[in-house]
Amino acid sequence: MKFGVCYYPEHWPEARWAEDARLMRELGLSVIRLAEFAWAKMEPEPGVYDWGWLDRAIDLFAAAGMDVVLGTPTCTPPAWLTRQHPEILRVDGNGRSRNHGTRRHYCPNSPIYRRFSRQIVQQMAQRYGQDERITGWQIDNEFGGGKTARCYCPTCAGEFRRWLEKRYGNIDTLNEAWGTIFWSQAYGDWSQINPPGDDINYKNPSQLLDFYRFSTDSYVNYQQEQIDLLRELAPGRFITHNFMGLYLDLDQFDLAAPLDFITWDNYPTGFPDRWRQMLYPPGVDSSRNDPAYAYDVGDPVVQSMAHALMRGLKQRPFWIMEQQCGHINWGDVNPGIRPGTPRLWVWHAVAEGADHVIYFRWRATLLAQEQYHSGLLGHDGRPDVGFGDQKKLLAELDQLNQLSVAPLDAPVAILFSYDDLWSLQMLPHRRDFHYLRHLYIFYHACLRLGINVDLVPATADLNRYKLVIAPTAHVADEALAQRLHAYASGGGTLLLGIRSGFKTTSNLVTDEPLPGALRDLAGVTVTSWQSLPLEQAIPFRSSIPDFAGDATYWVETLAVETAVPLATYQDGSGAALAENLVGNGRVLTLGFYPTPQQARTLLTHLANQQAIGTLPDLPSGMVALRRGGVQLLLNFSERPQAVTLGTASHTVATRDLIFLPAKTPRD
Ligand code: GAL
Ligand code: ZN
């Protein structure tokens, strides 16, 4: 396993570089990422290139034994370009053109921008593509970061129309697919259609879903242009991009598909601030982190879920391209980070599938927007917290090496679909319904049971999983039904949740009885569905041990067709859980939104049936993960914790971990 660091030679006097290289060696860092924001330095004037500084930086750091990863600098078009061609600037939903002075201010569809972007990538790749010291390339930086996923400029409007024409062929088909007879929205020709910006209240969900898909395709195409150039000019080098965990605005599966592997930017104290509001159960105070965790570690379950999605993007391990190593500057509080915490994060990442870990950043910047962000070195160039922790990790390199090459075979998959997420985001029906909050209940329950989970699209190879959970397969068609049918009939167990099969792929409601296209597969019909106020409940009873109590929040009544009921509502309305045998496997349909405890009980039962190993209840603040033959117990709490596994008791110090041989060979 390699450790590395993101470095900005352009931020520091050249006279300092050698000392930095020396300290990097001392830390065992052997990968350096350079240049992803340095366009203005590379091309200070149109067509005038200055590579001297980058040549010298590569010479120096490669000589210090480091592999170089180059970032294409296209997320930061220089001022001469935005001044000369203001039409390349991204336009927000209010029709305002964003301005120079930050990053991600370009429109991915602008033909002019595309031309300049190709030029800089080509120049860079011609110069460094064959250089054996450059082992790989990162394209751009965090597509869609800082709420920039969508552009509403005239070019995008035109491209959107063309995209729709290609998808629907003629305008009547589009009118039907979008239900435009409603409120007289009907379009007579393509030119009448606009991107659904903030100048429209109550947007049409079919139009919106297509616009979101179009926005993803825009970046996919833009990225592909760079991939094509790099494949040609930098043969044999890896091509990747740095993703953003539980990021919602672009379909990360589509962006990941053409890359060799994915990397992601792991900020454990920043992301919970953004994500826990949509993950923590309703009624739980999500304004602050779960008090079970130490104040400077973030929320490890949230973080694990992000790792699981990142692993699921290509169903394989990944790199951390930016690993938080001290405090950051963009969360709510940005707590100070104590020694021991960065080490715990790195172990956590490797246990979740990271092959290599690159820190962000080398030294805290004196300049501009990120002045309050820490690095391995402080502003003054002296070692900061992460520096000390990396030394500790160096001493553990043997174990890390072993863990980082071990297979990570999760026995359970949770299906993740951006169409479902977006469709439910647009019309959640109840305001606190969030697609991810619902997923999180199942994810959280699995993790607490010590079961590794991948978050994957339905198009992934599902046969490798013993249990597939589709908490809400909301947008469904025949193709999805067939895929899930193939999985179940091949011997798999599928757990299907509420609100499934409700929508067509154009985001209209199905006219079939629910769960629509998935009805045969489920062997049930949903005869009623309702959202319940928090204090309301419908009791249910079940043949599954301990699985009884109140159905709350969202309740659907199931009439069994080919399925048999495993749980029934006590008001006599029908089944609450039903099982349908399909070929060599089965499909279970759950009719309500489970509480965390109900999810745990049900999943324990299913895991036992499927011979998936589980762990006893862990103290809160502890996370158990398995990679290869190793069982890791990580303590994210403020206190030492004792864990009993079988007959043995283990104590794990605060913000520390232990590893044991895993008990069962492979689940
Ligand atoms: C990342 C970004 C980096 C830096 C970092 C700060 O999202 O890729 O360039 O801004 O955040 O935490
Ligand atoms: Zn645009």
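The legends below describe close-up views of a predicted model.

**View 1. The zinc ion (ligand 2) and its cysteine donors.** In this predicted model, the zinc ion (ligand 2) is held at 2.3 Å by the SG atoms of Cys 107, Cys 151, Cys 153 and Cys 156. The angles among the four donor atoms run from 99 to 116°, and the site is tetrahedral; for comparison, the ideal angle for four tetrahedral donors is 109.5 degrees. Along the sequence the donor residues follow the spacing C-x43-C-x1-C-x2-C, and among them Cys 153 and Cys 156 are both buried.

**View 2. The open, parallel sheet of nine strands.** The strands are arranged in the order E5-E4-E3-E2-E1-E9-E8-E7-E6, and their pairing is parallel. Strand E5 (238-240) and strand E6 (242-243) stand at the edges with a single partner strand each, so that one side of each has no neighbour in the sheet. Helix H5, which spans residues 111-128, packs on the sheet, where it touches strand E3 (67-71) and strand E4 (134-138), and the direction of helix H5 makes about 170° with that of E4.

**View 3. Strands E8 and E9 within the sheet.** Strand E8 (residues 318-324) and strand E9 (residues 354-360) run parallel and are joined by five bridges. Within this pair, Ile 320 of the one strand has Val 357 in E9 standing opposite.

**View 4. The largest nonpolar core, with the surroundings of Leu 436.** This core comprises 193 residues, of which Leu 29, Leu 54, Leu 70, Trp 362, Phe 416, Leu 436 and Leu 603 touch the most other members. The element that gives the most to the core is helix H8 (residues 205-233), with 12 residues. When neighbours within four places in sequence are set aside, Leu 436 is in contact with Leu 246, Leu 248, Met 278, Leu 279, Met 305, Phe 416 and Leu 421.

**View 5. The hairpin of strands E23 and E24.** Strand E23 (residues 641-645) pairs with strand E24 (residues 648-652) in the antiparallel sense, over five bridges. Ala 642 has Thr 651 in E24 as its bridge partner. Two residues lie between the strands of this hairpin, in which Gly 646 adopts a positive phi near 60°.

Methods:
Residues are numbered from 1 along each chain as its sequence is written. Chains are lettered from A and ligands numbered from 1 in the order in which they are written. This is a predicted model: local features need pLDDT of at least 70, side-chain atom pairs count only at pLDDT 80 or more; totals for chains, interfaces and linings use all residues. Side-chain values use heavy atoms; hydrogens and water are left out. Donors are N, O and S atoms within 2.8 Å of the metal (3.2 Å for Na, K and Ca); water is not among the atoms, so sites may look incomplete. Four donors count as tetrahedral if all angles lie between 85 and 135 degrees; four count as square planar and six as octahedral if opposite donors are over 155 degrees apart and all others between 65 and 115; anything else is irregular. Buried means under 20% relative accessible area, exposed over 50%, partly exposed in between (1.4 Å probe, protein chains only). Two strands pair if DSSP finds at least two bridges between them. Helices (H or I, at least four residues) and strands (E, at least two) are DSSP runs, numbered from the N terminus. Contact means heavy atoms within 4.5 Å. Axes are lines fitted to C-alpha atoms, for helices over the stretch in contact, and angles run from 0 to 180 degrees between N-to-C directions. A nonpolar core is a set of buried Ala, Val, Leu, Ile, Met, Phe, Trp, Tyr and Cys residues joined through side-chain atoms within 4.5 Å.
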